[in-house]
Amino acid sequence: MIEVSKKCIGCGKCVPVCPFAAVQMVDRLAVINEACTLCGACVQVCPVKAITINREEASARRDLSSYKGVWVYVELMDVPGGHGKKVRPVTLELLSAGRRLADELGQELCAVLIAEKNHGWEKELGEYGADKVYLSEHPEFFEYNTDIFSTAVIGIINRHKPSVMLYPASIQGRDLAPRVAASIYVGLTADCTALAIRDGLLVQSRPAFGGNIMADILSPTSRPQMATVRPNVMKIDEPRPGRTAIVVREEIKIDKGLRRVKVLERKLAHDKAGTRIDEARVIVSGGRGLKTKEKFRLLEDLSALLGGVVGASRAAVDMGLKDKTHQVGQSGTTVSPKLYLACGISGAVQHIVGMKASDIIVAVNKDPNAPIFNVAGHGVVGDVHEILPKLIDSLKKKGK
Ligand SMILES: Cc1cc2nc3c(=O)[nH]c(=O)nc-3n(C[C@H](O)[C@H](O)[C@H](O)COP(=O)(O)OP(=O)(O)OC[C@H]3O[C@@H](n4cnc5c(N)ncnc54)[C@H](O)[C@@H]3O)c2cc1C
């Protein structure tokens, strides 16, 4: 499964990078012991490609019955204003969904927490359903890095063998999950909108063919069964105060040499007020019906009065009325605010999939047959250019 060929020149570069102390030099040749988790760190640094992993063979030899438990990758996010980190809400959504899957399987729900330092997050993770937290702390985990984080996650998976592993379909999760999947030779279903258990297998449902059908995907011959889930698709269950999770510490030695990317600058995709669109409680969204950038500014005024964030349809983005970070929908961001106001948006299926989980949907459209009215709880048939200024004026008068 993992082999060192005669090409080995005895340089020893593979020894310090192994996070699990599984490589030693014997008579100037690399020898790999049973602590190896097939994470691939040694393969990456070998200058003569003497180390190879046959992942297909490793996968074929897996005893599927030894894989147990539902795992959730814990994503941490910066608290605005440089106030440290916190658990990203999508993690709690995954724990809520994962709890139901674990109960159905009669197995444990575990969270995987990779952090520079744990700040008591196991308490929150426990209250939201985790039975166990696999915790790995290291100074090199100060910020997300594909090589470092995937090495840690692969190592913990290979040690403890989960049956199901869920990741957020966030920027981080979309980067990490495919890397892990390819490294351990398993499948990955991206952007699931529903998860269930059928005959002991994870049913991973996601839109296919432009959102026109729902596809159910199963992974009967590989473990773990892995999926990413978009933020705001699953509802967060009420926490159970006082419920605790057991912390299992995972010692992982991380060598700086694994880090191939250096971050020079970070720009957060925040609204002017500092709120990300996927975390906003109020979204005032505009479509092609707004027609010009100048008219689109009416949405900025209205959203400022409501304490919200501006969203846009893809047509509005394509017209240059708003940038892509504000796009709601299948190829944009999935949102679930308390209030979603859709102005001059027709309600194409690709838009609806990104906002239908909003608590209250209000639509303004001059076409009474526009499909947006099928999902809107409240609708105004009329011209946005007349209605929006009136709405803004009346909110101003009310001193909002
Ligand atoms: C693979 C794929 C992915 C896609 N992803 C996305 C996505 O992520 N998000 C997304 O939004 N779309 C997406 N689309 C595009 C989607 O199919 C639609 O084309 C798009 O949502 C239409 O945007 P719209 O509603 O602003 O424009 P239109 O469909 O042109 O609708 C404009 C609406 O404005 C109304 N209107 C016009 N003037 C006024 C007025 N003065 N007052 C009031 N109402 C008025 C009209 O009656 C009409 O209903 C995707 C498409 C594909 C194929």
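**A tour from the ligand shell to the sheets**

Begin by selecting the ligand and the elements around it: α9 (314-318), α10 (349-352), β20 (360-365) and α12 (384-397) each contribute at least two residues to the shell around the ligand. Helices (H or I, at least four residues) and strands (E, at least two) are DSSP runs, numbered from the N terminus. The model is a predicted one, in which local features need pLDDT of at least 70 and side-chain atom pairs count only at pLDDT 80 or more, while totals for chains, interfaces and linings use all residues. Residue numbers start from 1 along each chain as its sequence is written.

Remain at the ligand and highlight α9, which supplies the largest share of the shell, three residues. Next select Gly287, Gly289, Arg314, Ala315 and Gly329, which come nearest of the 29 residues around the ligand; a residue is near a molecule if its C-beta atom, placed from the backbone, lies within 6 Å of it. Colouring the shell by residue class gives eight nonpolar, 16 polar and five charged residues. Here Ala, Val, Leu, Ile, Met, Phe, Trp, Tyr, Cys and Pro count as nonpolar, Asp, Glu, Lys and Arg as charged, and the others, Gly among them, as polar.

Now select residues 282-286, strand β17, together with β18; the two pair in the parallel sense over four bridges. Strands pair if DSSP finds at least two bridges between them. Val284 has Val310 in β18 as its bridge partner.

Buried denotes 20 or more other C-beta atoms within 10 Å of the residue's own, with C-beta atoms placed from the backbone.

Move to the open sheet of three strands, ordered β12-β13-β14 with antiparallel pairing. β12 (194-198) and β14 (213-217) are at its edges with a single partner strand each, so one side of each has no neighbour in the sheet. Within this sheet, β13 (residues 201-208) is joined to β14 by five bridges, and Pro207 has Met214 in β14 as its bridge partner.

Finally, display the whole chain, which has twelve helices and 21 strands. Of its 400 residues, 41% count as buried.

Terms used
Buried ≥ 20, exposed ≤ 12 C-beta atoms within 10 Å, placed from the backbone.
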